[in-house]
Amino acid sequence: MAVINLLSANFFSMIRSKRFWLGTFIMAAGGVYMVLDINRMKDMAEFDGLLDSGVFQYAILLFLILPALGSLFINTDYNDGTIRNKLTVGRTRTQVYLSNLITVYAAGVFYTLVYEAVYLLVGFPVLGSLRHPQAALSKLLMMLLLFLALSALFTLLATLITNRSVLLICVFMAFGLILGAQIINAKLEAPEMIEDYGGVTYITTEDGNMTVQYMDKNGNPIDPEDIPRVPNPRYVAEPMRTVLRKVNDIQPGGQLAELLEDGHLEPDGFKTATPYWQLALYAAGLAAAVTAGGLIFFRRKDLK
Amino acid sequence: MEYVLQTSALGKSYGHFKALENFNIAVPKGAIYGIVGRNGAGKTTLLRLVCGLQTPTYGTYSIYGANNGSLEIIKARRRMGAVVETPSIYLDMSAENNLRQQCRILGLPDFSCVPELLELVGLESAGRKKARNFSLGMRQRLGIAVALCGSPDFLVLDEPVNGLDPQGIVEVRELILKLNQERNITVLISSHILEEMHKLATHYGFIDGGRMVREISAQELEATCRKCVRADVSEPKAVALVLDEMQLEYKILDGRQVDIYDAVNVSKLVRALSERGCEVYNIQNHDESLESYFLSLVGTGKGGDGRD
């Protein structure tokens, strides 16, 4: 009951916030923009369902907006000192923490709905209907779990860091997660073996043209298809390979890349996708672990 | 006597710095309890602990008999309201919405108390104005109104008149007295402005260096600081005889000093003492102020130790 009371107060604060409505406007505008962009690109590229292709493009935007909005929302309680009004009258720290997490996550769900509503309403007459509605729905649910994990992460930061710099820290964290996922994916794509181009010789012919000659170790010319293969120094071997794959499967930035790209490239050049159930488990686990850690720290934190 | 707040050897350290050390206090029900101490004496630290903003390093406290480690403390806190340090108000909300917000936090069924509270703190005409545009005094009063949501029995106020203009000080003082007298709210106030505290408090706790130096009721303090005529004499026994004959209230302090509390005709007194062979070396009005009493307790060392 106490959490419901706190949520009621939080939601009132949230809907009165200009930042919240600015975010809503950005998400709605993003929906319109995406329809126009796909419509413009439809003759230049091949799409597996025009409308399907933009359903989840909001996620990158929300990945950056939500930490900014959420961290400022939580920080206002410290900045205005109003967290004291909650604790002094017997609301526990667990209740305050959980109500903040639920509030910022609810804002994320609301933004998702705003984008989807605008995108589908505007997109349907322009781009046609969804080709894979069931797949879109399951991916949407997975996205929502991903944002729960992200919300848990910045709720932890915004609860423990009481000054306004938390805004920058949370936005940098979001950027870092996205960038980190890209770097890890690029590393894991590197093939195990590569052609040894050490034996390639450039020869200038009598008529002045350049030609390429492939040699083996002994200096004998060989066919280009028989170029020897050597281990790629950039290849990530086990056990680091498994560790990095897991990091990307678990961290929200990696999950975002996995969902938006429908999987990740393996060294053989083929795409593999981590199953949704596995991603869902990781997202829920991360959200639970981070929240548990946040509660432990918050309970011990001295407030002013 | 029933106590609203009691502490037992309460301590709070920040690293190696001891902000409170074996601190004991007992706030009686219905009192206006003034915690008096220099800046940095540990007043705010105590209030932060009592309000649950920080946890004690050692020792315990109880509110309405509920120990800080027990689950009952949550229920006990619902009978509390507090303004610790700056008023805790949403600056981008109106006074009315700030109060409604607190009603929501408390889970009150409606907002019917809001107009009454605004009137109580004298903000009825500024209810729709954003708190950001309030003066310091108005913010302070709004902070008190927020603390009064849910009709608490125990109000904790940290330096409530700090930074207020003279009119603001009078308004806040009258409000506190009204709450105590009309609503029987027990008030715990911290302040380093002794004069102001003197006009409010029914009980005092003098704190220095993170320790409670003395707890005293206003009556006891009044007696200690009572106006009198202090005479330095050669024969205190003779003085006692003379003053008994003259039916004057007095107190012999030591071998040479007597405090006389009633109005006295000095010429008659000196003559009567002279007749009994007692010399009067010095005679003067004596009025120990709260300030001098405080200084006599805590010494005259300048500044605190940064405990607030």
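Predicted model: local features only at pLDDT ≥ 70, side-chain atom pairs only at ≥ 80, totals over all residues.
User: Why is B:Glu159 called buried?

Analyst: Its relative accessible area is 11%. Buried means under 20%, so B:Glu159 qualifies. The residue is found in the loop between strand 8 (154-158) and helix 6 (166-182) of chain B.

User: What makes the link between B:Glu159 and B:His192 a polar contact?

Analyst: The two side chains are joined at 3.1 Å. The cut-off for such a pair of N or O atoms is within 3.5 Å. B:His192 is also among the residues in contact with B:Glu159 beyond four places in sequence, including B:Lys43 and B:Ser190.

User: Is A:Asp77 buried or exposed, and how do you know?

Analyst: A:Asp77 has a relative accessible area of 6%. That value is under 20%, so A:Asp77 is buried. Its place is in helix 3 (residues 58-79) of chain A.

User: Which side chain makes a polar contact with that of A:Asp77?

Analyst: The side chain of A:Thr82 does, at 2.7 Å. Beyond four places in sequence, A:Asp77 is in contact with A:Thr82, A:Ile83, A:Lys86 and B:Tyr90.

User: What makes A:Arg245 and A:Glu258 a salt bridge?

Analyst: Their closest N and O atoms are 3.8 Å apart. The cut-off is within 4 Å, so the pair counts. A:Arg245 is in helix 8 (residues 240-250) of chain A, and A:Glu258 is in helix 9 (residues 252-260) of chain A, 13 residues apart. A:Arg245, A:Asp249 and A:Glu258 are linked in a network of salt bridges.

User: Why do A:Arg245 and A:Glu258 count as buried?

Analyst: A:Arg245 stands at 15% relative accessibility. A:Glu258 stands at 4%.

User: How far apart are the closest N and O atoms of B:Glu96 and B:Arg128?

Analyst: They are 4.0 Å apart, and the pair forms a salt bridge. B:Glu96 is in helix 3 (residues 95-106) of chain B, while B:Arg128 is in the loop between helix 4 (113-120) and helix 5 (136-148), 32 residues apart.

User: Why is B:Glu96 called partly exposed, and why does B:Arg128 count as exposed?

Analyst: B:Glu96 has a relative accessible area of 22%. B:Arg128 is at 73%. Exposed means over 50%, so B:Arg128 counts as exposed.

User: What makes B:Arg173 and B:Glu196 a salt bridge?

Analyst: The closest N and O atoms are 2.8 Å apart, and the cut-off is within 4 Å. B:Arg173 lies in helix 6 of chain B and B:Glu196 in helix 7 (residues 194-198), so the pair ties together parts 23 residues apart in sequence. B:Arg173 counts as buried at 16% relative accessibility. B:Glu196 counts as buried at 8%.

User: How many salt bridges does the rule find across the interface of chain B and chain A?

Analyst: It finds one. The side chains of A:Asp302 and B:Lys12 meet at 3.0 Å, N to O. Over all chains, the structure holds 19 salt bridges.

User: What else describes the contact between chain B and chain A?

Analyst: The contact takes 32 residues from chain B and 27 residues from chain A. The area buried between them is about 2,600 Å².

Definitions and conventions
Residues numbered from 1 in each chain as written. Chains lettered and ligands numbered in written order. Heavy atoms only, no water. Helix = DSSP H or I, 4+ residues; strand = E, 2+ residues; numbered from the N terminus. Buried < 20%, exposed > 50% of the residue type's maximum accessible area, 1.4 Å probe, protein only. Polar contact = N/O pair within 3.5 Å; in protein donor to acceptor, adjacent residues only side chain to side chain. Contact = heavy atoms within 4.5 Å. Buried area = accessible area lost by both parts, 1.4 Å probe.
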